[in-house]
Amino acid sequence: MEISATLPLLVLLTFLQNTGLVIKALPFSMISSTKYRLPDQQPYRTSYHFQPPQNWMNDPNGPMYYKGVYHLFYQYNPYAATFGDIMVWAHSVSYDLINWIHLNNAIEPSEPYDINSCWSGSATILPDEKPVILYTGIAENKYQVQNLAMPKNLSDPFLREWIKHSQNPVITPPSGAEVDNFRDPSTAWKGSDGKWRVVIGAQKGDEGKAIVYKSEDFFNWKLDADPFYASENTGVVECPDFFPVSINGTNGVDTSVENPSVRHVMKVGYLRRQHDYYFLGKYLSDKEIFVADNNFTGTILDLRYDYGKFYASKSFFDYPKKRRILWGWVNESDTEQDDIEKGWAGIQAIPRQVWLDNKSGKQLMQWPIEEVEKLRGKKISIHGEKLLSGSIIEVSGITASQADVEIVFEVPELENVESLDAKRVDPQLLCSEESASKSGKLGPFGLSALASEDQREQTAVFFRIYKSSNKYLGLMCSDQSRSSLRKDLDKTTYGSFFEFDPNLKRISLRSLIDHSIIESFGEGGRVCITSRVYPLLAIGKEAHLYVFNNGTQSVQISNLNAWCMKEAEVGYQKNVRYVECS
Ligand code: DQQ
């Protein structure tokens with residue numbers, strides 16, 4: 001059965017929005033054609049991940065905090081559940097980054113310099129708390145140019161209306177970039193000379209680049225001659241992000257901070273790989289250089305935010321809470337035809353706090369923002385339960401299709417673990433060869449999520465421990481090979497290595513499960529893997545959650561807490577679920 005939004009509802013919502021009496025309102029384009037299905041026909045819509053009521057969404061754009069309100073703009077096709085020729089900046093606001101109010105589109109194609117789409121970009125808060133947006137316009141001739149937009153009314157905390165600057169485009173493609181591969185301006189930062197800098201993704205030949213522009217007034221921008229970051233044989237760099245991280249503690253710092261207490265992160269997305277890679281390094285604004293600790297190698301040595309599906313991400317500094325928050329787009333793994341039938345495609349990962357692993361200084365750590373815990377309802381705990389070889393236990397009593405699970409495994413002495421020459425092994429391949437069902441010595445053990453009762457369907461998120469030269473290595477995997485009885489899905493298995501400290505004798509996992517997404521954080525956020533899955537049997541109340549050990553050695557569940565997650569206000573379809581979490 002389909003329900004259509006009726007004209008009276010539309011009129012009422014538009015009236016309430018215009019009068020400002022009710023803050024929750026939908027873009028006209030969303031309401032006017034809104035048709036949505038009942039939950040039994042929409043088993044894959046999420047309940048607490050951000051997604052618009054319908055249609056296609058991709059990159060997060062211009063996230064920021066302004067006067068008590070969090071803003072999320074995003075790439076949106078108002079007309080279809082597929083990527084479109086006319087992309088706009090949709091706009092939603094929130095007080096807690098979890099519950100959202102959808103507003104009218106903020107920026108839509110209207111001028112020669114953006115008539116073919118308004119693509120990704122970022123927000124910067126200028127002095128005197130003035131937010132501005134730099135975004136990529138796809139111009140008449142398909143040139144990619146950078147445009148500026150400002151809020152019409154700064155006293156509106158929702159910043160509902162945006163005005164395009166009369167000097168647009170403020171940046172046009174330089175000779176070092178292909179005209180149709182020059183996009184996605186970052187949040188700007190100030191160098192030691194007081195000038196603003198912004199980094200933009202580009203391509204020339206097969207070289208991927210991130211190019212810096214400088215400005216005193218934010219309107220007149222000057223190209224810096226040398227590329228800030230370049231990589232060979234990669235193709236275009238998308239959505240570059242550049243920010244400092246503190247070398248002490250987990251607090252974030254403002255994007256312009258440059259002093260000995262921070263290191264810098266350069267993040268690039270490669271269109272060809274659909275992955276976001278990051279590089280830690282030293283930034284010297286007086287020399288206009290970023291010296292990365294490592295170059296891009298195209299191998300497993302490259303660091304990624306997430307080893308599953310997570311792309312076009314963007315961070316912002318949440319200054320009231322002194323943290324840096326990362327948004328990332330999670331695409332579908334089903335077919336385009338499925339998306340058309342579902343009427344939507346694309347979700348955002350739960351925002352993550354991101355910080356430098358102060359101990360090693362060699363990688364970032366990520367953790368779901370604390371606000372998501374407000375959704376935790378009924379809780380189930382297991383303590384001190386031994387998982388013998390081949391055992392599986394069910395975590396029952398919570399709704400397994402909509403859950404937050406934290407588990408700490410205690411592992412035995414590491415005398416008998418398998419050996420591995422890690423330099424020669426691709427962890428993703430290893431995860432699919434040594435799948436969850438294949439017995440090893442220490443591992444595989446972990447969670448079997450969105451599983452059917454007979455376990456013909458299940459997504460296994462698990463660990464194995466190996467010895468490699470004189471170190472111990474953990475392997476974290478997310479095995480989608482049995483995630484659905486359906487065949488026409490991308491079921492790639494994901495995985496990554498991490499250094500395992502044998503003295504700890506423990507290993508931790510957290511998974512956020514939400515109908516068609518499983519976001520997993522190994523070792524407190526050292527390894528993150530996001531998967532999209534579309535079970536046929538393990539949907540809604542029929543989904544189960546298990547803990548398993550298929551290794552020959554026993555492990556112990558030292559602590560497991562699992563919560564049913566309440567539905568967040570992420571859109572229009574309120575209370576479509578039947579989940580009771582109290
Ligand atoms: N998506 C945008 C581009 C960006 C790409 C278009 C990354 O600006 O390069 O929707 O997913």
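Predicted model: local features only at pLDDT ≥ 70, side-chain atom pairs only at ≥ 80, totals over all residues.
Asp128 counts as exposed, because its relative accessibility is 67%, and its place is in the loop between strand 7 and strand 8 (130–138). Its backbone has a positive phi of about 65 degrees although Asp128 is not a glycine.

**Backbone geometry**

- Most residues other than glycine have a negative phi, and most peptide bonds are trans.
- Leu450 also has a positive phi, near 40 degrees, in a residue other than glycine; the place of Leu450 is in strand 32, and Leu450 is buried, with a relative accessible area of 0%.
- The peptide bond that runs from Asn168 to Pro169 is cis, with omega near -5 degrees, and Pro169 is found in the loop between strand 10 (162–164) and strand 11.
- A cis peptide bond also runs from Gly443 to Pro444, with omega near 5 degrees, and Pro444 is found in the loop between helix 4 (427–433) and strand 32 (445–451).

**Aromatic pairs**

- A pair of aromatic rings is described by the distance of the centres and the angle of the planes.
- When ring centres within 6.5 Å are taken as a pair, the count comes to 39 aromatic pairs.
- One of these pairs is formed by Phe182 and Tyr213, whose ring centres are 6.1 Å apart and whose planes stand at 55 degrees, so the pair is tilted.
- Phe182 lies in strand 11 (residues 182–183) and Tyr213 in strand 14 (residues 207–215), so this pair ties together parts that are 31 residues apart in sequence.
- Phe182 is buried, with a relative accessible area of 0%, and Tyr213 likewise counts as buried, at 4% relative accessibility.
- Phe242 and Phe290 have ring centres 5.4 Å apart and planes at 85 degrees, so this pair is edge-to-face.
- The pair of Phe242, in strand 17 (residues 237–246), and Phe290, in strand 20 (residues 289–292), links distant parts of the chain, 48 residues apart, and both Phe242 and Phe290 are buried.
- Ring pairs also link Phe50, Tyr74, Tyr76, Trp100 and Trp327 into a cluster.

**Charges over a ring**

- The ring of Trp344 has Arg45 lying over its face, at 5.5 Å from the ring centre.
- Lys342 lies over the face of Trp344 as well, at 4.4 Å from the ring centre.

**The ligand and its shell**

- The residues around the ligand are Asn58, Asp59, Gln75, Phe83, Trp119, Ser120, Arg183, Asp184, Glu238, Tyr311, Ala312 and Trp329.
- By class, this shell has five nonpolar, three polar and four charged residues.
- A nitrogen atom of the ligand lies 2.7 Å from an N or O atom in the side chain of Asp59.
- On its own the ligand has 300 Å² of accessible area, and the protein covers 95% of that area.
- Strand 3 (55–66), strand 7 (118–126) and strand 22 (311–318) are the elements that give two or more residues to the shell around the ligand.

**Two further buried residues**

- Asn561 lies in strand 40 (residues 555–565), and its relative accessible area of 16% means that Asn561 is buried.
- The side chains of Asn561 and Ser381 are joined by a polar contact of 2.6 Å.
- Cys477 is found in strand 34 (residues 471–479) and counts as buried, at 0% relative accessibility.
- Between Cys477 and Asp217 there are 48 Å in space, C-alpha to C-alpha, and the two residues are 260 residues apart in sequence.

Note on methods. Residues numbered from 1 in each chain as written. Heavy atoms only, no water. Phe/Tyr/Trp six-rings, centres within 6.5 Å; stacked < 30°, edge-to-face > 60°. Helix = DSSP H or I, 4+ residues; strand = E, 2+ residues; numbered from the N terminus. Buried < 20%, exposed > 50% of the residue type's maximum accessible area, 1.4 Å probe, protein only. Lys NZ or Arg CZ within 6 Å of the ring centre and 35° of its normal. Near = heavy atom within 4 Å. Polar contact = N/O pair within 3.5 Å; in protein donor to acceptor, adjacent residues only side chain to side chain. Areas by Shrake-Rupley, 256 points an atom, 1.4 Å probe, with all protein chains shown as cover. Nonpolar A, V, L, I, M, F, W, Y, C, P; charged D, E, K, R; others polar.
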